[in-house]
Amino acid sequence: MAQVSEVESTLHQWVNTFAQLLLGEDGWRFRSFAQAVRELGTVQRPSPWPGDREQWAPGRCFAAATDYAEATGATYVEGFVLVPGLMAWPVFEHAWCLRDGAVADPSLPDGYAALCLGIPLSTDYRRSEQDRRGTHAVLTTDPQDPWSLVNEDALRDGPPAAAVLSWVGVPSSGLAGESATER
């Protein structure tokens with residue numbers, strides 16, 4: 001079994017720490033957004049911005065990813081991103097897109113992110129949850145709408161099977177000890 005890279009290990013440690021911050025009740029499928037991402041997410045390596053649209057400024061990732069997904073047909077993803085240059089909190093909740101087999105991050109400039117771990121969501125589920133919740137974030141809190149809170153329904157019951165898309169990447173369990181080349 002190959003060694004986990006330092007980047008993967010750092011992301012894994014932070015997501016595991018966040019997963020211990022329990023929000024839900026006993027019996028919930030996921031007690032936190034981080035636990036859902038850890039169990040359902042895939043690791044995705046950042047790619048250069050495709051340049052087909054203008055990038056948004058950092059800080060509005062959920063709105064930017066929604067806008068990009070709607071405009072291009074890309075797949076919307078929610079999860080965590082590792083930005084090594086941030087000393088205090090190098091891993092944080094984030095949204096980006098997957099398009100043509102690559103990460104398309106409409107709100108972080110190229111070179112900032114080192115690794116992403118997220119849940120690719122179907123367009124129908126994303127749209128219905130955004131409409132129902134009145135926010136761009138589907139599963140977690142949108143910093144642009146602090147009253148949105150986490151999606152308790154999705155944490156309690158788990159998202160519907162058709163909501164979570166498969167994507168070429170390393171299942172999050174791969175962070176614990178095997179690399180993409182071993183799969």
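**Group meeting: cores and ring pairs in a predicted model**

Leu121 counts as buried, at 1% relative accessibility; buried means under 20% relative accessible area, exposed over 50%, and partly exposed in between, with a 1.4 Å probe and protein chains only. I start there and work outwards.

First, the conventions. This is a predicted model, in which local features need pLDDT of at least 70, side-chain atom pairs count only at pLDDT 80 or more, and totals for chains, interfaces and linings use all residues. Residues are numbered from 1 along each chain as its sequence is written, and side-chain values use heavy atoms, with hydrogens and water left out.

Back to Leu121, which is found in strand 5. Helices (H or I, at least four residues) and strands (E, at least two) are DSSP runs, numbered from the N terminus. Leaving out residues up to four places away in sequence, Leu121 touches Thr75, Tyr76, Val138, Leu139, Ala163 and Leu165; contact means heavy atoms within 4.5 Å. Its C-alpha atom is separated by 4.9 Å from that of Val164, 43 residues apart along the chain.

Now the whole chain. There are five helices and six strands, in the order α-α-β-α-β-β-β-β-α-α-β from the N terminus. Of the 183 residues, 46% are buried. Among contacts with a separation of 6 or more, 64% are between residues 24 or more positions apart.

Next, the cores. A nonpolar core is a set of buried Ala, Val, Leu, Ile, Met, Phe, Trp, Tyr and Cys residues joined through side-chain atoms within 4.5 Å. The largest has 37 residues, and Leu11, Tyr76, Phe80 and Leu139 touch the most other members. Elements giving two or more residues to this core include helix 1 (6–19), helix 2 (33–40), strand 2 (75–82) and strand 5 (115–121). Helix 3 supplies the largest share, five residues. A second, separate core has nine residues, among them Val77, Val81, Val83 and Val103.

Leu139 has contacts with Phe33, Glu78, Ile119, Leu121, Tyr125, Arg133, Val150, Asn151 and Ala154, leaving aside neighbours within four places in sequence.

On to the rings. The structure holds six aromatic pairs. Rings of Phe, Tyr and Trp (its six-membered ring) pair if their centres lie within 6.5 Å; planes under 30 degrees apart count as stacked, over 60 as edge-to-face and the rest as tilted. Trp14 and Phe18 make a tilted pair, 5.7 Å centre to centre with 45° between the planes. Both sit in helix 1, four residues apart, so about one helical turn separates them. Phe18 is buried, with a relative accessible area of 16%. Phe33 and Phe80 make another tilted pair, at 5.4 Å and 35°. Phe33 lies in helix 2 and Phe80 in strand 2, so this pair ties together parts 47 residues apart in sequence. Both of these Phe residues are buried. Ring pairs link Trp14, Phe18, Phe33, Phe80 and Trp89 into a cluster.

One charge belongs here too: the charged end of Arg156 sits over the ring of Trp28, 5.8 Å from its centre. The criterion is NZ of Lys or CZ of Arg within 6 Å of the ring centre and within 35 degrees of the ring normal.

Last, confidence. The mean pLDDT is 88, and 89% of residues reach 70 or more; pLDDT is the predictor's confidence in each residue, from 0 to 100. Over residues 169–183 the pLDDT is below 50, and this stretch has 35 contacts in the model beyond near neighbours in sequence. Where pLDDT is low, the predicted coordinates should not be read in detail.
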